[in-house]
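Q: I would like to go through this model with you. Could we start with its charged side chains?

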Amino acid sequence: MGETMSKRLKLHLGEAEMEERSFPNPFPDYEAAAASGAGLVAGAAEESGHVCPLPTTDDPGLPFHPNGKIVPNFVKRIQTKIKDLLQQMEEGLKTADPHDCSAYTGWTGIALLYLQLYRVTGDQTYLLRSLDYVKRTLRNLSGRRVTFLCGDAGPLAVGAVIYHKLKSECESQECITKLLQMHRTVVCQESELPDEMLYGRAGYLYALLYLNTEIGPGTVGETAIKEVLWAYWTYRCSKLADNVQLLKR
């Protein structure tokens, strides 16, 4: 019985006890008084008209100024760690599946990572790296799925955004056009496309809304979005009706 029992359940003196699932915190508690004191000092400085210099400490406990901004030394530490982790990731990608172009588990997801790094840092190098990865995916579209996470809609939508940020509007529009070519399959009720996020209509709808968010309202017309929504709800209602009929039997 001991071997088949859940590993999270221990028997101790005949009583069942749950296994401890937390880690001990080796760090001292955050001293709210110290932070409040810093705020009071800053407030007093404003009232008196005297400017107090902001702390430049390397203390990792409070890596930010009283005004909420991260101290430069800690910013450098974060940037160094990001570069280190990216190097580890790139090394691991040498053995990754070359045919997985999805945003969920493949190369489009890597392109999204670099796109986010560009958005946060403004470093053009990250945007160009994102372009390298999305180009790889755009050359290997499968045409089998239409969703953002697991299908062709993801690489096309991400590619459109990257090209837009690089001012390559012709390439961006080409990606959008290919994405909208899937529209007929998505809204067709005979396609038996599911309605969920990974493989269904919700995943395609997300790609359309992603473009309007990242590039601008009107990138995808309101009519196209409403048609996908209508197909989504029609499918949901039909499935609900089928379930009701099954319950009546």
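Q: Which side chain meets E91 in a salt bridge?
A: The side chain of K94 does, at 3.1 Å from N to O; a salt bridge is a side-chain nitrogen of Lys or Arg within 4 Å of a carboxyl oxygen of Asp or Glu. This is a predicted model, in which local features need pLDDT of at least 70, side-chain atom pairs count only at pLDDT 80 or more, and totals for chains, interfaces and linings use all residues. Residues are numbered from 1 along each chain as its sequence is written, and side-chain values use heavy atoms, with hydrogens and water left out.

Q: How many salt bridges does the structure hold?
A: The structure holds 7. One of them joins K226 and E222 at 2.8 Å, N to O.

Q: Where do K226 and E222 lie?
A: Both are in helix 9, 4 residues apart, about one turn of the helix; helices are DSSP runs of H or I with at least four residues, numbered from the N terminus.

Q: Changing topic, is S172 buried or exposed?
A: S172 is buried, at 2% relative accessibility; buried means under 20% relative accessible area, exposed over 50% and partly exposed in between, with a 1.4 Å probe and protein chains only. S172 is part of helix 6.

Q: What lies 2.8 Å from a polar atom of its side chain?
A: The backbone oxygen of A160.

Q: And which residues touch the most other members of the largest nonpolar core?
A: L179, Y204 and L211, out of 42 residues. Such a core is a set of buried Ala, Val, Leu, Ile, Met, Phe, Trp, Tyr and Cys residues joined through side-chain atoms within 4.5 Å. Helix 5 gives the most to this core, with 8 residues.

How values were computed:
Helices (H or I, at least four residues) and strands (E, at least two) are DSSP runs, numbered from the N terminus. A polar contact is a pair of N or O atoms within 3.5 Å; within protein, one must be able to donate a hydrogen and the other to accept it, and residues adjacent in sequence count only if both atoms are side-chain atoms.
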